[in-house]
Amino acid sequence: MKKCRITVIRKANYSDLIKRYEAPQKDPCPMLEGQVFVSVGAEKPDGLCDSAWGSMSAFVMALAYGAEGLFDGWMKDKRSVMISCNDGLRPVSFLIEAFD
């Protein structure tokens with residue numbers, strides 16, 4: 001089974017939507033651009049947001065078990081995928097890459 005590197009690529013913040021719809025948050029998303037996590041055995045890495053993991057776990061599992069070319073060649077590197085978390089107010093984009 002391969003390991004997967006999960007890198008925070010971009011963090012958006014839709015302040016207009018936050019102001020309009022969100023209740024005040026004590027600790028909004030703590031992810032930082034450039035932050036790296038490693039999944040071993042297709043397990044959730046310590047410190048990775050539960051919501052983000054829910055959005056990406058199936059892709060991590062597929063890549064960890066050797067899947068390539070997900071989404072019919074969508075990515076330049078066939079052993080990677082770009083996924084965003086499901087936070088509609090401050091979505092985070094993650095690059096997931098399988099490695100040995």
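This passage describes the fold, surface and side-chain contacts of a predicted model.

Residues are numbered from 1 along each chain as its sequence is written, and side-chain values use heavy atoms, with hydrogens and water left out. Because the model is predicted, local features need pLDDT of at least 70 and side-chain atom pairs count only at pLDDT 80 or more, whereas totals for chains, interfaces and linings use all residues.

The chain holds three helices and four strands. Both kinds of element are DSSP runs numbered from the N terminus (helices: H or I, at least four residues; strands: E, at least two). Along the sequence the pattern reads β-α-β-α-α-β-β. The C-alpha trace spans about 45 × 30 × 20 Å along its principal axes. Of the 100 residues, 33% count as buried. Buried here means under 20% relative accessible area, exposed means over 50%, and partly exposed lies in between (1.4 Å probe, protein chains only). A contact is defined by heavy atoms within 4.5 Å. Among contacts between residues at least 6 apart in sequence, 61% join residues at least 24 apart.

The chain exposes about 6,300 Å². Carbon and sulfur atoms supply 51% of that area. Accessible areas come from the Shrake-Rupley method with a 1.4 Å probe; for residues, only the protein chains shown count as cover. Met-1, Met-61 and Tyr-65 make a nonpolar surface patch of about 370 Å². Patches are made of residues with over 30% relative accessible area and no salt bridge; like charges are joined within 9 Å, and nonpolar side chains (Val, Leu, Ile, Met, Phe, Trp, Tyr) within 5 Å. Met-61 belongs to helix 2 (residues 50-64). Its relative accessibility is 39%, so Met-61 counts as partly exposed.

The structure holds two aromatic pairs. Rings of Phe, Tyr and Trp (its six-membered ring) pair if their centres lie within 6.5 Å; planes under 30 degrees apart count as stacked, over 60 as edge-to-face and the rest as tilted. The ring centres of Phe-59 and Phe-71 are 5.6 Å apart and the planes stand at 40°, so this pair is tilted. Relative accessibility is 22% for Phe-59, 48% for Phe-71 and 45% for Trp-74. Phe-59 is partly exposed, as are Phe-71 and Trp-74.

A charge also meets a ring. The charged end of Arg-5 sits over the ring of Phe-99, 4.6 Å from its centre. The criterion is NZ of Lys or CZ of Arg within 6 Å of the ring centre and within 35 degrees of the ring normal.

Five salt bridges are present. A salt bridge is a side-chain nitrogen of Lys or Arg within 4 Å of a carboxyl oxygen of Asp or Glu. One of them joins Asp-100 and Lys-2 (3.0 Å, N to O). Asp-100 follows strand 4 (92-99) and Lys-2 precedes strand 1 (3-11), so the bridge ties together parts 98 residues apart in sequence. Asp-100 is exposed, at 71% relative accessibility.

Another bridge joins Glu-22 and Arg-90 (3.0 Å, N to O). Glu-22 is in the loop between helix 1 (15-21) and strand 2 (36-39), Arg-90 in the loop between strand 3 (80-84) and strand 4, 68 residues apart. Glu-22 is partly exposed at 21%, while Arg-90 is buried at 9%.

Lys-78 and Glu-68 also meet in a salt bridge (3.4 Å, N to O). Lys-78 lies between helix 3 and strand 3 and Glu-68 between helix 2 and helix 3, so the pair ties together parts ten residues apart in sequence. Lys-78 is partly exposed at 48%, and Glu-68 is partly exposed at 39%.

Arg-79 is found in the loop between helix 3 and strand 3. At 22% relative accessibility, this residue is partly exposed. Its contacts, not counting residues up to four places away in sequence, include Lys-2, Glu-68, Phe-99 and Asp-100. Arg-79 and Gly-69 are ten residues apart in sequence and 6.6 Å apart in space, C-alpha to C-alpha.
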